[in-house]
Structures are given as structure tokens and as C-alpha cells.
Amino acid sequence: MPITKYDLFIDFFKIQDEDETANLIWSDSAVQHEKIAELRNYQRINHFPGMGEICRKDCLARNMSKIIKCQPQEYSFIPKTWIFPAEYTQFQNYVKELRRKRKQKTFIVKPANGAMGHGISLIRNCEKLPVQEHYIVQEYLDKPFLMEGYKFDLRIYILVTSCDPLRIFLYNDGLVRMGTEKYHAPSEANLSQLYMHLTNYSVNKHNENFERDETTDKGSKRSISWFTEFLRTNDYDVAKFWGDVSELVVKTLIVAEPHVLHAYRMCRPGQPPGSDSVCFEVLGFDIILDRKLKPWLLEINRAPSFGTDQKIDYDVKKGVLLNALKLLNIRLSDKKRDLAQQKAEAQRRLYGHGSMKKLSAASSDWEKQRHKLEQRREELKERLAQVRKQISREEHEKQHLGNYRRIYPPDDKLLLEKYESLLSAAFQTFLAGRAASLQKEMNNPLKRMKEEDILDLLEQCELDDEKLMGKTSKQKGPKVRGTLTTMPECSQTPRRQRPHYLTDFTSCSSADNSCSSSEVEDEETRKTGGGRVWYCIHFHCVLFFAGRMHWKPLTKPLKINTTPSASPTLSGPIRRSISCPRSIASLSSPNELRIFSSRPSPTVPMPTALVRPSSAMPRSHSLSRSGFAHRVPHSNISKNSTKIHPVVFVS
């Protein structure tokens with residue numbers, strides 16, 4: 001549902017005005033926090049709350065001033081800035097110091113919340129500045145990198161797909177916006193010649209010297225892809241240039257992250273970390289280069305223009321928009337899936353599935369240990385669901401990057417450690433009251449673990465649980481095995497030595513014998529119709545469909561028939577819950593897939609039960625190590641199965 005004035009959206013979007021249930025909502029202006037709070041989980045809106053902390057000129061200056069005090073070496077890419085009238089005295093003291101050193105500098109004056117070059121002027125006589133007006137004053141960069149004798153700046157397009165966790169993408173193309181008069185160092189004679197000193201398109205398009213050329217290497221507006229080739233042709237270090245630009249962008253958004261994350265969580269309370277963000281943002285970074293090719297940040301636009309006055313605008317901005325929508329993975333089915341998940345969650349709450357029993361004051365030591373195990377196991381299962389969802393998200397991103405590239409989190413581990421250190425400093429600076437809890441969340445060892453590590457911990461928790469149950473088996477009776485109790489006994493296979501960083505988690509875990517709600521929601525898509533419930537269980541590239549199932553706990557071991565002509569059965573005394581997302585990596589052949597149902601129907605595709613390996617099989621083969629390790633042949637999928645293709649939907 002675009003709320004926009006740009007023709008580019010009208011060309012590519014199916015407009016549905018006043019549709020509050022649309023999958024995508026696009027607005028040219030910032031949105032209220034209440035609007036974000038009201039969004040359903042399947043909806044997406046193109047603004048984050050709190051992003052104004054770096055998009056307003058005065059807020060950007062204030063936040064940069066704070067971070068520079070603790071990280072001066074890392075934030076040397078923004079000119080010295082003063083906010084008037086609050087910092088008028090500091091500015092006058094700086095000017096006096098310049099006079100004492102017999103230096104004179106030029107300053108640029110901008111409205112605190114201005115845009116499109118309105119109200120901008122250059123000054124050298126600082127005594128003429130009014131005290132009461134609200135604006136910012138910056139040092140003017142008087143030695144810029146010139147191209148054909150003209151000053152220019154770069155419009156870099158950035159896509160932020162999530163703030164929890166932070167994910168940033170840089171578009172490899174953009175716009176080079178040039179002045180329309182040859183540049184000369186500022187002096188009293190040329191301070192008023194804005195066509196020389198300002199590079200804003202909205203200013204220079206009114207000059208008669210503005211060149212509208214359809215070719216890529218001429219005109220007053222060119223593409224960054226052309227500029228990159230220009231640097232390469234003239235033997236400049238292109239890799240270093242783009243590395244510096246990427247660092248500038250990431251460090252700036254790190255300053256915004258504490259504000260954005262806090263505001264987003266206030267708008268979306270209870271949303272699990274790592275779940276799909278309802279917000280995204282396309283930002284326009286305005287960057288200028290000095291004569292040494294060092295990038296300097298001028299300002300950030302949270303609603304960059306998508307006007308297409310020239311062909312180069314259309315080509316660049318169309319790519320920015322369409323590639324962003326592919327990365328966001330907006331689909332028609334999201335709305336139906338969200339509704340089905342809400343119904344499933346309501347049923348789970350109604351019948352108490354997945355809820356842990358609360359301890360009473362009279363609980364025994366055994367019950368307390370049992371409860372502690374369940375809590376840790378629940379935590380591990382929740383993290384496992386997040387990791388698998390993150391793997392799926394990253395696979396989608398790799399396949400649909402288009403002309404974007406991810407700059408945070410980076411692939412370089414050393415660079416990632418540097419950014420995380422800066423992020424920690426930003427939380428300490430801007431959210432001192434909540435920095436401790438957020439720091440603890442960031443340093444949680446589970447956040448750094450891979451899927452296999454978490455499965456190892458779940459396995460250890462299962463072994464601890466079996467030992468605990470074995471001590472009191474006579475008093476408590478036989479234990480009903482469920483989701484996580486399908487692992488081999490401890491005595492079957494010697495455990496391999498555990499990594500040193502997992503020792504803190506080898507004693508206990510959490511959750512009962514059913515998958516967590518977040519994990520089930522990630523793995524199932526429920527479709528209702530004709531009085532029958534269909535389950536779609538995703539194993540990355542394989543889909544299994546089932547009719548309504550009625551599971552009952554096992555009261556006695558299953559009889560095993562290993563003859564080839566035997567009816568479909570499980571190959572072990574313990575089965576896995578069909579709702580638990582386990583890999584089929586342990587299946588050695590298609591014949592090991594068995595059909596299991598309490599209500600068989602010749603017209604309904606039945607579920608494929610996962611088989612526990614025999615006790616002689618090593619433990620490593622009985623666990624889900626990677627969802628991408630093995631594929632099921634196409635011939636094993638039911639003929640009645642419906643093929644599902646990813647659909648990019650824009651409403």
C-alpha cells in the first residue's frame with residue numbers, strides 16, 4: 001500500500017489505497033510508533049522507529065559528538081559540527097582559537113531539519129551568525145576531490161532489513177551529483193555562488209549550465225558504477241575506496257542501533273529476537289570525497305527521492321527498489337501463514353501444550369533439578385529454531401542479493417569483532433541504563449554457537465535427563481519419550497570430547513517433550529479447508545504433507561518387524577514427533593521413509609515418519625547436523641504434493 005508521490009512505485013506496484021492489511025506499506029515520510037505497533041507479523045513497512053536519531057541533522061551531530069568522545073579514532077569521518085543555539089558559546093571559543101593561531105576557515109550553515117538545499121549558506125565572518133535560530137554549523141571541506149574541475153558528492157543507497165539483529169546491505173550503484181560551476185576555493189567573493197559550492201540536485205537543476213545527458217559518462221548526474229570505473233582507469237585503489245565507504249556506513253548505523261533497537265522493541269513487545277522484522281529502511285547516504293579520496297559523511301536521508309527526471313535515475317532507482325524487495329522475501333502466502341500460526345498458538349495456549357509446570361514451595365530437589373533441565377532445554381530449543389531460521393534467511397539472501405552486498409555482519413571475523421566492540425561502546429554511551437542487560441544478551445555464548453553445537457548440548461541434556469529419571473524410575477514410573485528423547489542411550493556410543501566453550505552448558509537444559517512454539521511455527525504451514533487440517537513440514541527443499549494426526553503417548557514398546565514385506569513401521573522402539581524439525585540426514589535410503597498414520601486415507605497424502613537409527617549406529621548420525629547435508633530424491637515425494645515456489649509480492 002504505497003503512500004507515495006513517485007511514478008516509479010505506480011509503475012511497479014499494484015496500488016491498493018487505504019488497505020491496512022496489505023503485505024507492504026510504503027510511506028514517503030516517517031511513520032508514527034503506533035502504526036508500527038499495530039502491524040501484523042506478515043506486514044512490512046519501510047521505516048524503523050528511532051532512525052531519526054541519525055537522519056535529522058541536529059540529532060546526527062549530537063549523537064556523533066557523544067560517540068567521538070569515546071571513539072575519536074573510529075569516527076573521524078564527519079566534519080566538526082555545532083548545534084545552535086545550544087553550542088553557540090563553544091563555537092565562538094573555537095573561532096577565537098583560530099584567530100589566535102591566525103587561521104581562517106569557512107563554515108556552512110544548514111537548517112536543523114532542512115532538506116533539498118533549502119536555507120544553506122556559507123560564512124567566514126562568524127560574528128554575523130544569529131544566536132536564537134535553530135540550525136547547525138559545520139566546517140566546510142575546502143579541498144574536495146574534483147572531477148573535470150567540478151565539485152561532486154555521492155548518493156549511496158543502503159538497505160537495513162533488520163535491527164534485531166542488525167543487517168545492512170549496500171547497493172553497488174548510485175548517483176554522482178555534480179556542481180554546475182567550476183570549483184574555486186571559498187573566498188569572500190564567491191561565498192554566495194551556491195552552484196559552485198553545493199552539489200544538491202534540487203539546487204543545481206535550476207542552473208542553465210545543468211547538463212541532462214542520457215550517456216553514462218557525461219552530464220551533471222552520473223552513476224557510481226561509472227565513477228568506480230573512472231577510479232580504476234586512473235589507478236586509484238577501488239577496493240580501499242569501497243572499504244572506507246562501507247566502514248563509514250556501518251559505523252554510522254552502529255550509532256543509530258541503540259536508539260532503533262530500543263524503539264523497535266517498545267513498538268513490538270514480546271516479539272522473539274531473530275524473528276522477521278516488520279520494518280526495513282532504504283537510506284540515502286550523502287558522502288563527499290576530499291582530495292585524498294577519504295569519504296566524509298554529509299547527511300543521511302530516510303526518505304531518499306525516487307523521482308525519475310532522467311533515464312539514469314530510473315535505471316539506478318529501479319534496481320535499488322526491486323532488488324530490495326527480493327531480499328525482503330515478501331510473499332502472498334505470508335498473510336495466510338500468519339493467520340494459521342495465530343490459530344495454532346491459540347490452540348496451544350488453550351490446551352496447555354508446551355507450557356512448563358511451575359514449581360511450588362514444597363517441590364522436592366528432584367523436581368527442582370527436573371525443572372532446571374526443562375528450562376535449559378527450552379532455551380536451547382528456542383535458540384536452535386533461531387539458528388535454523390537464520391540459516392534459511394542467509395541462504396535466501398545469498399540467492400537474491402542482486403546488486404546489493406552485505407556489509408554487516410561482515411564475513412571478516414576481525415572486522416566483525418571491531419564492529420561489535422563499537423556496538424558495545426554505543427550501547428554504553430546512549431543506553432547506559434539498559435546497557436548491562438543488552439551487553440549480557442550480546443555476550444550470550446548461545447548466540448555464537450552453530451546448529452551442531454546446540455544439538456550437542458541438547459544431546460547432553462537428554463543424557464542428563466535420562467540419568468535423573470533413572471534414579472527415580474521406581475517412584476515416578478516409566479517416562480514417555482517425545483521429541484528430544486529419540487537420541488541413543490549414553491552407553492551405546494562413547495561421547496566425543498566436548499569443546500571447552502560448551503562446558504558451561506553440559507549439566508542442564510530446558511523444555512518439555514514437545515517442540516517450542518517458535519520452532520513449530522518456523523517448520524509448519526497450516527492450511528484449513530473442508531474440515532481437514534493439512535500440515536506442511538519444511539525440510540529446506542523437501543515438503544511432506546499429512547492428514548489430521550492423533551498422536552498418543554506410547555504405553556509399551558513397539559514390535560519391530562524387519563522383514564522386507566512387513567507393514568510400514570518404525571525401525572526402533574522410540575519414534576520422533578512429526579512436529580519436531582529434525583533433519584533426514586540419518587536416512588540411508590529412500591526405502592527407510594515409512595508412512596505412519598492413525599487414519600489412513602487413499603486420497604490424502606500421508607506424513608513421512610522420521611526413523612530413529614538402530615542402537616548400533618553412531619550418535620552423530622542420529623542427530624540433525626545440517627538441514628543442507630542431504631536431499632531426498634524427487635521420486636520420493638508424493639504425487640499429490642503441491643509444489644511451492646517463492647513469490648515476491650508487492651501490493
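The model is predicted. Two packed helices are described by the angle between their axes and the distance between the axes, and that is a handy place to start.

**Helix 9 and helix 13**
- Helix 9 covers residues 238-267 and helix 13 covers residues 413-430; their axes come within 9 Å and cross at roughly 40 degrees.
- The two helices are therefore oblique to each other, and helix 9 passes helix 13 in a right-handed crossing.
- On the helix 9 side, the contact includes Ser 246, Val 250, Ile 254 and Leu 261, while helix 13 contributes residues including Leu 415, Tyr 419, Leu 422 and Phe 430.
- By type, the residues of this contact divide into 12 nonpolar, 2 polar and 4 charged.

**Nonpolar cores**
- The largest nonpolar core has 65 residues, and those with the most contacts inside it are Ile 156, Ile 158, Phe 227, Leu 253 and Phe 285.
- Helix 9 supplies the largest share of this core, 15 residues.
- Another core, of 20 residues, lies apart from it, with Phe 169, Tyr 171, Val 282 and Phe 306 among them.
- Leaving aside neighbours within four places in sequence, Ile 158 is in contact with residues including Phe 169, Val 249, Leu 253, Val 282 and Phe 285.

**Ile 78 in its loop**
- Ile 78 sits in the loop between helix 4 (57-70) and strand 4 (81-84).
- With a relative accessible area of 10%, Ile 78 is buried.
- Not counting residues up to four places away in sequence, Ile 78 touches Leu 60, Met 64, Ile 68, Gln 138, Trp 296 and Leu 297.
- Ile 68 is 10 residues from Ile 78 in sequence and 9.8 Å from it in space, C-alpha to C-alpha.

Notes:
Residues are numbered from 1 along each chain as its sequence is written. This is a predicted model: local features need pLDDT of at least 70, side-chain atom pairs count only at pLDDT 80 or more; totals for chains, interfaces and linings use all residues. Side-chain values use heavy atoms; hydrogens and water are left out. Axes are lines fitted to C-alpha atoms, for helices over the stretch in contact, and angles run from 0 to 180 degrees between N-to-C directions. Helices (H or I, at least four residues) and strands (E, at least two) are DSSP runs, numbered from the N terminus. Angles under 35 degrees count as roughly parallel, over 145 as roughly antiparallel, 65 to 115 as roughly perpendicular and the rest as oblique. A crossing is left-handed if the near helix is turned anticlockwise from the far one by less than a right angle, and right-handed if clockwise. Contact means heavy atoms within 4.5 Å. Ala, Val, Leu, Ile, Met, Phe, Trp, Tyr, Cys and Pro count as nonpolar, Asp, Glu, Lys and Arg as charged, and the others, Gly among them, as polar. A nonpolar core is a set of buried Ala, Val, Leu, Ile, Met, Phe, Trp, Tyr and Cys residues joined through side-chain atoms within 4.5 Å. Buried means under 20% relative accessible area, exposed over 50%, partly exposed in between (1.4 Å probe, protein chains only).
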